[in-house]
Amino acid sequence: MLRWLPLALIAFVALGLRTRDLATRPMHADEANQAVKTGELLDSGHYTYDPRDHHGPTLYYAAAALARLRGERSLAELTETTVRLVPAFFGTAAVILIAALVAGANLPATGSPRWPALAAALFLAVSPPAVYYSRYFVQETLLATFTLAAFVCGQRWWRTGLTRWAVAGGACVGLMQATKASAPLFLLAGVLSLWITRSGLRPATRRPGRDAVAALLAASATAAVLFSSFGTNPSGLRDALAAYVHAAQRFGTDAAPTGHEKPWWYYLRIFGWYREGGLLWYEAPFSLLAIGGMLAAFRGPSRFLRGVAVYAIATTLAFSLFAYKTPWHTVDLVPAFAILAAVALAALTQGRAGRLVAGVAATVVIATLLQQTWRSSFTRPADWRNPFAYVHSSADVLKYRPLAEAALARQPAGPIRIISEEYWPLPWYLRGLPNVGFWSTAPEECDGALIVASAAQAEAVRARLRRKYSETFLGLRPGFVCMIFTPEP
Amino acid sequence: MNIRHLTLLFSAVALATGASAADGKVPLKVEYPKPLFAGTPRPISLANLEPAGTKRPVIMVSADTKLLSKGKKVTSSDSLPVIGELSFITDGDKTGIDGAYVELGPNTQWVQVDLGASAKVAAVAVWHFHSQARVYHDVIVQISDDPEFKKGVTTIFNNDDDNSSKLGKGSDKSYVETNNGRVFDAKGTAGRYVRLYSNGNTSDELNHYCEIEVFGTAK
């Protein structure tokens with residue numbers, strides 16, 4: 001029992017960091033969008049995969065199940081805490097899975113075989129991007145967790161030769177695919193690592209072909225069940241493939257810029273250090289340890305560690321070379337970096353006074369990670385300078401609902417008009433209120449109980465108002481200001 | 001319940017439900033557009049400059065009016081700002097670049113410039129933060145000879161339209177911050193201290209100042 005205590009403590013820390021004050025940060029536009037989609041699933045009992053504007057179904061089904069467990073049965077009842085608990089639980093599971101992956105690798109010459117696994121788990125538990133996006137209702141943490149689960153199953157299958165591990169691994173791959181269309185990238189990186197580091201070796205099974213077919217069937221069946229909305233929407237299977245056609249149109253060479261293009265060193269900067277608006281952001285101590293671990297992995301005898309190093313390089317290169325970049329992809333890089341950082345600690349213990357040096361290094365890295373996690377997730381979670389709060393909604397979005405409720409109390413028939421080329425996350429904050437409409441340009445009739453117009457639409461709206469209104473401003477996100485028109489008595 | 005009672009009951013219900021139909025009016029049911037789903041919003045990275053040719057407000061002052069606030073002592077409700085120093089507010093640097101502004105905590109915060117002696121204040125100019133389009137909430141500008149601002153307080157600007165800062169409701173218009181800042185006409189109000197309040201902004205809950213300039217004449 002005591003054997004599991006350190007990992008249980010680390011998992012407890014991970015869960016605490018991931019679930020504390022989940023409702024405080026304003027909803028990001030993407031979170032709100034997906035929460036409304038979840039609410040529609042609760043309201044209608046049905047979900048249809050949308051390959052154009054949304055990722056796969058796992059997030060919505062998981063959130064809807066959790067919402068029902070918490071007694072929330074409609075969009076109006078759904079809360080921020082409920083939807084964010086989904087990535088929080090998966091993010092905690094990832095911490096346990098990474099320990100299982102490293103512990104299953106039989107790393108040589110590390111003293112106790114368990115502590116590198118615990119070190120990797122601890123690094124992931126307190127990692128700033130891992131914590132931030134485990135509190136953020138998007139798919140990335142689920143994808144990272146399913147990927148780790150697939151690798152754990154694959155590792156167990158390789159060592160034991162048991163078909164059930166192949167089936168379990170296949171199911172995890174199906175979940176990866178049903179989470180985000182970028183899943184094949186991680187599988188390719190995994191296959192590349194395997195090919196480079198294990199060529200000439202064979203798994204424990206005598207029938208790898210049969211197990212591969214079983215894994216493929218499990219992956220296909222799992223993905224098919226989810227994409228087809230449990231068999232009620234067969235065209236979801238076709239749409240799952242259509243997602244790649246849409247992606248090619250969106251990111252192809254002839255496509256218009258998405259607005260999310262960034263330089264190749266974008267992710268390296270997040271893992272390095274930089275100053276933005278007077279605030280210092282850094283993960284350099286952790287990254288230096290991971291680089292040291294990478295060097296140790298290539299020089300050492302462990303094929304597993306070399307595989308992790310190849311995987312880390314392949315995924316970092318792929319994300320860095322692709323022009324479209326968003327900070328939540330850092331979540332996919334952290335597990336490999338955490339394992340390599342743990343390896344570096346193991347290597348440090350080999351020298352003179354090694355344990356002392358490793359202890360100091362571990363303390364510095366964990367302290368700096370915790371400091372950055374605290375700043376990014378708790379003290380400045382929506383700050384425009386926070387590298388993870390990407391085009392984040394400003395705190396002003398919390399003021400729209402009280403304004404709308406007051407307007408409907410004065411004028412129950414409404415309407416509340418949101419007239420803006422961008423309006424997310426307002427549909428989330430105005431959920432359940434009657435007589436609310438959304439327009440991207442000014443309609444002929446603009447009068448209402450409350451009118452929210454973007455700065456770009458404000459002149460056109462003002463020109464069409466027949467009643468007298470007072471005017472003030474509220475923000476949607478940094479740099480995006482809305483004008484609020486309230487009827488004068 | 002016999003047949004007669006039932007008939008009476010049905011008649012009453014019919015009368016009640018028929019009442020609204022009788023005057024020919026029913027609640028209007030309007031279908032309003034539902035929100036459209038959209039992808040991740042794009043970052044906005046445009047400098048928030050006043051469009052070329054924008055007319056700046058002209059405030060007429062006496063010929064001997066001069067800048068009284070340069071290098072003067074500044075105090076604040078947030079005495080230990082996380083970013084910047086209170087002295088930045090009167091150091092003459094209004095560029096707004098990193099290292100040239102002070103960031104105060106969330107909720108209503110104030111800064112106060114001590115002119116050193118009572119003066120006839122002609123105008124107060126403020127640059128909160130202008131590298132991004134944003135509007136500061138509850139901007140209130142007051143002048144007084146009392147450093148505590150408990151007596152003899154004159155408010156020369158107040159856009160707190162819902163009294164959320166609990167200093168009285170104001171009717172002045174909010175404005176978008178630009179490189180031109182904002183100049184408030186103090187109309188010769190006498191006082192040694194100038195205090196400016198704000199309550200977060202449309203981008204975040206924090207309060208910022210690049211520079212405050214107080215113009216006037218010695219009394």
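**Strands of chain B**

I began with strand E4 of chain B, residues 109-127, and looked up its link to strand E7 of chain B, residues 182-198: the two run antiparallel and are joined by 13 bridges. I keep in mind that this is a predicted model.

I then asked which sense strand E5 of chain B, residues 140-144, takes in its pairing with E7(B). The pairing is antiparallel, and I found five bridges along it. Here the facing residues I wrote down are B:Gln142 and, in E7(B), B:Arg195.

**A helix in chain A**

Next I turned to helix H7 of chain A, which covers residues 140-160 and has 21 residues. From its first C-alpha to its last I read a reach of 30 Å, which is close to the 30 Å expected at 1.5 Å a residue.

**Domains of chain A**

Last, I looked at how chain A is divided, and found domain 1 at 2-379 and domain 2 at 395-487. The centres of these two domains of chain A, taken over C-alpha atoms, are separated by 39 Å. Where they touch, 12 residues of domain 1 of chain A are in contact with nine residues of domain 2 of chain A. On the domain 1 side of this contact I listed eight nonpolar, three polar and one charged residues.

Definitions and conventions. Residues numbered from 1 in each chain as written. Chains lettered and ligands numbered in written order. Predicted model: local features only at pLDDT ≥ 70, side-chain atom pairs only at ≥ 80, totals over all residues. Pairing = 2+ DSSP bridges. Helix = DSSP H or I, 4+ residues; strand = E, 2+ residues; numbered from the N terminus. Expected span 1.5 Å × (residues − 1). Domains from an automatic or database assignment. Contact = placed C-beta atoms within 7 Å. Nonpolar A, V, L, I, M, F, W, Y, C, P; charged D, E, K, R; others polar.
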